[in-house]
Amino acid sequence: MPRSPSRPLTYDLRQQQSGPATWTNWAGNQSCSPRDLIRPAGRAELSELVATATQAGRKVAVAGSGHSFTGAALSDDLLLDVSSIAGVIEVDLPSGLVKVGGGTVLADLNRALDSLGLAMANLGDIDSQTIAGSISTGTHGTGAARPNLPAQIAAIDLVTADGEVLELAESPDPDTGPGDDGSSDLLRAARVAIGSLGVISAVTLKTVPAFNLHRVDEPMPLDRVLADFDELTAANEHFEFFIFPYTDTALTICRNSTVRQPAPRGRFERYLGDVVIENALGDLALRAIGKVPSVIPRTARFSSRFMSQAEQIDVSHRCFANYRTIRFNEMEYAVPREFGAEALGRVLDLIREERMPLAMPIECRVVPADDNLISPVSGRDSTYIAIHQHAGQEWQPYFREIERIFDSYGGRPHWGKHHFQTAETLAPRYPEWDRFAKVRDRLDPTRTFTNEYVRTVLGD
Ligand SMILES: Cc1cc2nc3c(=O)[nH]c(=O)nc-3n(C[C@H](O)[C@H](O)[C@H](O)COP(=O)(O)OP(=O)(O)OC[C@H]3O[C@@H](n4cnc5c(N)ncnc54)[C@H](O)[C@@H]3O)c2cc1C
C-alpha cells in the first residue's frame with residue numbers, strides 16, 4: 001500500500017501536548033517514546049487532529065489506561081490520550097441506553113451509572129480500564145449467560161482516518177443480514193478492533209437497572225470443580241475459580257444477584273484484606289519464592305490450606321472489582337466452552353511435569369458467544385483460562401509451551417494479554433476474519449491506525 005512520507009503536524013499543538021513524551025503500561029513491560037503525545041480537549045479537536053495526522057502521513061495509536069500487557073497501545077509516532085473525552089453524554093432512562101465518552105474510566109462510569117439507578121450487566125475483575133480500551137480487546141467478566149463488555153455496546157462514534165465521525169449503530173433489523181456494502185458489519189468490527197479502525201470518541205451502553213450481588217468465595221476440591229463445571233456455571237449467574245499450580249484445591253467465586261441489602265466490608269477490613277494481605281504480603285511472598293523456584297510446589301500446597309470461605313453483599317460494581325497492585329505478566333486464552341475443563345487439566349499437568357516455576361493462580365471463567373467479528377468469543381461459547389507470572393520472573397518459555405495446549409483447541413488469545421500468534425496463525429480461528437479485513441480496508445485504507453502489534457496480529 002503506498003504511503004506518503006511522514007511529516008510534522010501542522011496542527012497547533014500548544015494546548016494539547018501532554019506531559020513527557022514517554023508512555024508505559026500498568027504492568028511496566030511495554031513502553032514507548034512517541035514523537036507526539038497529545039491529549040485532545042474534546043471530540044471536535046480529536047477529529048481535526050486525526051485528519052491532520054493522516055494528511056501528514058503519520059501513524060496514530062490511542063492509549064486507554066494502559067492495562068494491556070501487549071503492545072496494543074504503543075506508538076513511536078502520534079499517541080493520543082483521550083482521557084479528556086470522558087463522562088456521561090446522554091441518558092435514556094426507559095431504554096437504559098447511556099452514551100459516554102470513550103475515555104471514561106470504568107470506576108467513574110460505574111459510579112455515574114449507579115447515581116442514575118443503572119449498572120453494567122457484567123464487568124471484569126478490575127475497574128481501572130477505559131470503556132473504549134476495554135471493549136477494543138474484548139474485555140470480559142464471567143457468567144455463562146452474562147455478556148462481555150463489547151456485547152453491552154449498542155452504538156459507537158468512531159473517528160476515522162479522515163477525521164469523519166461515523167455513528168455506528170446496531171441494525172434495526174438484524175434478520176435482514178449483512179448488506180452488500182458491508183455496512184452492517186461496521187459496528188461488529190468496531191466493538192473489538194484493537195484500535196485499528198479509528199478512535200472511539202463515544203459509546204452507547206446497554207445498561208440494566210442497578211442491582212446488588214451476593215459473592216461467596218469457597219474452596220472446593222479441584223476434581224469436583226472440573227467434574228461439575230457445567231452445573232456450577234449453570235447454577236450461578238457469575239461463576240469462576242482460581243487454582244494454584246501444584247495444588248488440588250480451587251477457590252471458587254460465585255456471584256448472584258440478590259435483593260438483600262449491601263453488607264460491604266468495612267474500610268479497615270478491606271484495607272487489611274485487599275491492600276495488606278492480598279497485595280502487599282502476596283507481593284513479598286512472590287518475590288521471595290521467585291528467588292528459590294524449587295519451593296513453589298511445597299509453598300503452594302501449604303498456602304492453599306489457608307483458602308477460606310468469605311461472603312460479601314454489595315452494589316454490583318463493587319462486588320465485581322478487585323484491588324490489584326501486584327504487578328504480573330498474563331496470557332489468557334478463550335477455548336470452546338466444552339473443552340475448558342479438559343484444557344485446564346492439561347495445563348496443570350504440564351506445569352507439574354515440567355516443574356514450571358509458576359506461583360500465581362490460574363483463573364478460569366466462562367463467557368457466552370458474541371457476534372463481533374474478531375472477538376475472542378465470536379460465534380462460540382467459551383472458557384477463558386488465564387496464566388500469570390509475577391513481574392520480573394521469566395514467563396516467555398512457559399507461556400509459549402502452555403500456548404501449544406490452547407492451540408490444539410483452536411484457542412483465541414485475549415487481545416490485551418501475552419501470546420505468540422501472528423495474523424497467519426490467527427486468521428483460521430475466526431470465521432469472520434475476512435469480513436473484518438474488508439472493514440479495515442474500507443475504514444483505514446492508509447493504515448493510519450497501525451503499530452507493530454496491530455501489524456503482527458492483523459497483518460499489513
Ligand atoms: C490487573 C488487570 C486486570 C485485568 N482484568 C481483566 C478482566 O477481568 N477481564 C479481561 O477481559 N481483561 C482484563 N484485563 C485486561 C484489560 O481489560 C484489557 O487489556 C483492556 O484493553 C485495557 O483497557 P485500557 O483502557 O487500559 O486500554 P489500553 O490497554 O490502553 O488499550 C487497549 C487497546 O484499546 C485501544 N484503545 C484505547 N482507547 C481507545 C479509543 N478511544 N479508541 C480506539 N481504540 C482505543 C488501544 O489502542 C489498544 O489497542 C486486565 C488487565 C490488568 C492489568
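Predicted model: local features only at pLDDT ≥ 70, side-chain atom pairs only at ≥ 80, totals over all residues.

**Exercise 1.** Count the cavities of 30 Å³ or more and describe the lining of the largest.

*Solution.* First, the count gives 1 cavity of 30 Å³ or more. A cavity here is a set of points, on a 1 Å grid over the protein atoms alone, where a 1.4 Å probe fits but cannot get out; grid points are joined across faces, edges and corners, and a volume is the space filled by probe spheres set on the points.

Residues are numbered from 1 along each chain as its sequence is written, and side-chain values use heavy atoms, leaving out hydrogens and water.

Next, the volume: the largest cavity has about 50 Å³. Its lining (residues with an atom within 4 Å of a point) includes Asn 122, Asp 125, Glu 240, Arg 255 and Arg 365. Finally, domain 1 (88–209) and domain 2 (212–414) each put at least three residues into that lining; the bounds come from an automatic or database domain assignment.

**Exercise 2.** Find which polar atoms lie 2.7 Å, 2.8 Å and 3.2 Å from the ligand.

*Solution.* Look for polar contacts, pairs of N or O atoms within 3.5 Å. Start with Ser 68: a polar side-chain atom sits 2.7 Å from a ligand oxygen. Then take His 140, with a polar backbone atom 2.8 Å from a ligand nitrogen. Last, a backbone N or O atom of Ile 194 is 3.2 Å from a ligand oxygen.

Conventions: Polar contact = N/O pair within 3.5 Å; in protein donor to acceptor, adjacent residues only side chain to side chain. 1 Å grid on protein atoms, 1.4 Å probe; cavity = no way out; pocket = protein on both sides within 12 Å on 5 of 7 lines; lining within 4 Å.
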